[in-house]
Amino acid sequence: CVDNIIKVKSVEASTHATVAISSFILSAMTSSSTVIMSCLDILRRLDPAETEKHLENLTNLISNDDISDELYQRVDVPLKVLKDVNADDRKFLACDHNRDGDSHRSPWSNTYFPQLQDGFCPSEHLRQLELHANEVFDVYRELYFGKSTSVSSVYLWDKEANSGANNNDGTAGFSGAFLIQNKVDNGSYWNSIHVVDVGRIERGGMCQYKLTTTILISVSPSDSELGMESTRITGSLVRQNDRECKISSQDSSSSIGSQHIVNIGKFIEEVETEMRKEMDSLYIQKTKNVVDMIRKDTMKPTQGQEHTRVLNEAVLAMAMNRKTKISGK
């Protein structure tokens with residue numbers, strides 16, 4: 001019965017994927033936005049654990065660099081860990097936010113791996129703020145995720161509107177990505193991708209922060225003691241939030257930058273903690289309740305002790321009565 005259910009589900013998934021692919025092929029002859037929406041529709045129907053492989057196959061099918069770049073920006077894949085040989089093999093995370101072509105920039109030495117001559121780099125002021133943010137976020141990572149199994153990286157970049165302006169005073173806005181990966185031996189991982197947009201400091205010292213948080217999680221419980229195949233639960237959760245914070249002192253660019261880091265750090269901590277609680281109480285516990293409702297443990301007795309005692313006495317009385325009748329004959 002279970003095999004039949006699995007086969008039915010597989011046929012349904014294949015049917016949905018076929019319909020989505022057909023829609024994708026038809027939309028390829030129309031606008032680029034329709035192509036992207038079709039690709040996203042396909043990815044939603046496939047295994048999240050293999051998103052990177054599916055995304056690569058789709059970009060090869062598209063054969064359009066502009067659409068492929070936009071698709072990579074809109075789809076979050078599990079983070080990769082690289083080493084910076086110019087910074088004592090210090091680990092850093094590779095994602096689309098520090099990618100230029102096939103190379104990724106390290107936040108520690110500001111160099112690309114593999115080597116790239118004219119790769120994108122932040123302005124000097126933003127580069128100093130990026131170094132400070134990496135050191136602070138590294139402490140946050142150790143406190144919440146542990147030192148041995150986790151890696152964090154922070155990447156900042158100038159906004160296009162401010163790329164030609166002087167941002168040395170720290171009052172102009174910028175954008176950044178705050179990344180964390182925590183991976184354990186059995187293949188389970190937690191990826192946090194926080195993309196923040198910092199607005200320009202307005203009159204009165206108010207500054208607006210827009211935060212988009214994506215959590216990618218994969219849990220593989222160990223079933224070796226039960227002799228069963230491994231179970232894997234994979235999914236993602238995205239939340240968008242914004243708030244305004246006051247920059248109290250604007251005496252120097254370093255002071256403004258430090259206040260930005262404090263405001264962003266508190267914002268990320270609150271949002272990530274809330275999302276953890278939501279995943280645990282809503283998604284994980286709800287899944288457990290559904291499984292418990294579907295299948296119950298039948299090994300335990302379902303009748304009360306008193307009922308069992310009365311039943312045993314009745315059976316014994318019938319046996320004794322039958323024995324008496326046989327003896328009388």
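## Phe145 and Trp190

Phe145 and Trp190 are both buried (under 20% relative accessible area, with exposed over 50% and partly exposed in between; 1.4 Å probe, protein chains only). The model is predicted: local features need pLDDT of at least 70, side-chain atom pairs count only at pLDDT 80 or more, and totals for chains, interfaces and linings use all residues. Residues are numbered from 1 along each chain as its sequence is written, and side-chain values use heavy atoms, without hydrogens or water.

The two rings form a tilted aromatic pair, 6.3 Å centre to centre with 45° between the planes. Rings of Phe, Tyr and Trp (its six-membered ring) pair if their centres lie within 6.5 Å; planes under 30 degrees apart are stacked, over 60 edge-to-face, the rest tilted. Phe145 sits in helix 5 and Trp190 in strand 8 (residues 189–198), so this pair ties together parts 45 residues apart in sequence. Helices (H or I, at least four residues) and strands (E, at least two) are DSSP runs, numbered from the N terminus.

## Other ring pairs

The count comes to 5 aromatic pairs. Phe137 and Phe178 are edge-to-face, because their centres are 5.4 Å apart and their planes at 75°. Phe137 lies in helix 5 (residues 124–145) and Phe178 in strand 7 (residues 174–183), so the pair ties together parts 41 residues apart in sequence.

Both Phe137 and Phe178 are buried.

## Glu70

Glu70 belongs to helix 4 (residues 65–74). Its relative accessible area is 34%, so Glu70 is partly exposed.
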